[in-house]
Amino acid sequence: MKRVGWLVLLSMSVGLVGCGNNAGIIFDSSVPAQQQALLENDINRLAQMKFPSATANDAALLGIANMDGAALTKWIGERIRVIIGEDFNVSGNTYTFSNPTPFTPVLFSELSPVSAADGELSTIMVNIGADLYLKARASNKSYFLDMGIGFTQVYTPRVGIIQIGEGLFTVQGYRTDPIDSVGNTLARVSTLIHESRHSDGNGVAVAFPHASCPSWMGGGFANQPACEGYLNGPYSIQTAMMKVFRNSCVGCSQSELYGMDKSISDYASRLQSGATFQDIRPEALAELQ
Ligand SMILES: [Zn+2]
């Protein structure tokens, strides 16, 4: 990952100090301090934003009563609990135990607080919690991840463990703008929204997995699991919210608006015909006592 120029960029901004965030997300010690500061700044900026262009449909898509930055921040915080660094060794810190009882999925209530965008050939972020949950579910084992904060049982996709990918601070940005520009903040926030949806769902739509892209799709996406089969899935809500951000942005430059338009087109192109709405309530396995 390229980190050249970070100190220069960081010194240009005020208030980029890792002193907590409004979503209550915990950062594992594997996240470099500069990345944590940027993401916390993104979240705290989001909490102050208003989205006058948001419609009732946008709010309904996420299940938020009134769409504004504070509500969206809370929504993300219910689905993303811990962020781990790109270099965190997930497989080396995963422990499994055979379940004493058979797999019996239950539903959490929708508001119960219990959380990749896959860019062009580059991973932006990964919802590791959802990935491990699917493995636990398929194998009928209890999965635990040993992070700096201790052992966490992955008993629901809402466990909300998200890993930073190599593209979060490099590929996704608007390139000519500072890494902490408003547009780049909104791009990263849209990724957090995408990952948040992978913390939702039950039954066949648990964790809202991506669909396989059609063989005719260009850009390296042919047959890759980077498309969208759900009208309220990760790419669908990322498309909707990026439109809201684009149309509500105060302080976005022309190049940022152009970049956001490109992102909207990209995310929208992932939607497959026959896509359906799915219940977002998260399921859960029995917790080991
Ligand atoms: Zn995804």
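Reader: Which residue in E9 does Phe144 stand opposite?

Author: In general, strands of a sheet pair through backbone hydrogen bonds, either parallel or antiparallel. In this predicted model, where local features need pLDDT of at least 70, side-chain atom pairs count only at pLDDT 80 or more, and totals for chains, interfaces and linings use all residues, Phe144 stands opposite Gln153 in E9. Residues are numbered from 1 along each chain as its sequence is written, and side-chain values use heavy atoms, leaving out hydrogens and water. Four bridges join strand E8 (residues 141–147) to E9, and the two run antiparallel; strands are DSSP runs of E with at least two residues, helices runs of H or I with at least four, numbered from the N terminus, and two strands pair if DSSP finds at least two bridges between them.

Reader: In what order do the three strands form the open sheet?

Author: The order is E3-E8-E9, with antiparallel pairing. Strand E3 (94–98) and strand E9 (150–153) each have a single partner strand, so one side of each is left without a neighbour in the sheet.

Reader: Which protein donors does the zinc ion have?

Author: Donors are N, O and S atoms within 2.8 Å of the metal (3.2 Å for Na, K and Ca), and water is not among the atoms, so sites may look incomplete. Here they are His194 (NE2), His198 (NE2) and His210 (NE2), lying 2.0 to 2.1 Å from the zinc ion. His194 lies in helix H6 (residues 182–197) and His210 in the loop between H6 and strand E11 (228–230), so the pair ties together parts that are 16 residues apart in sequence.
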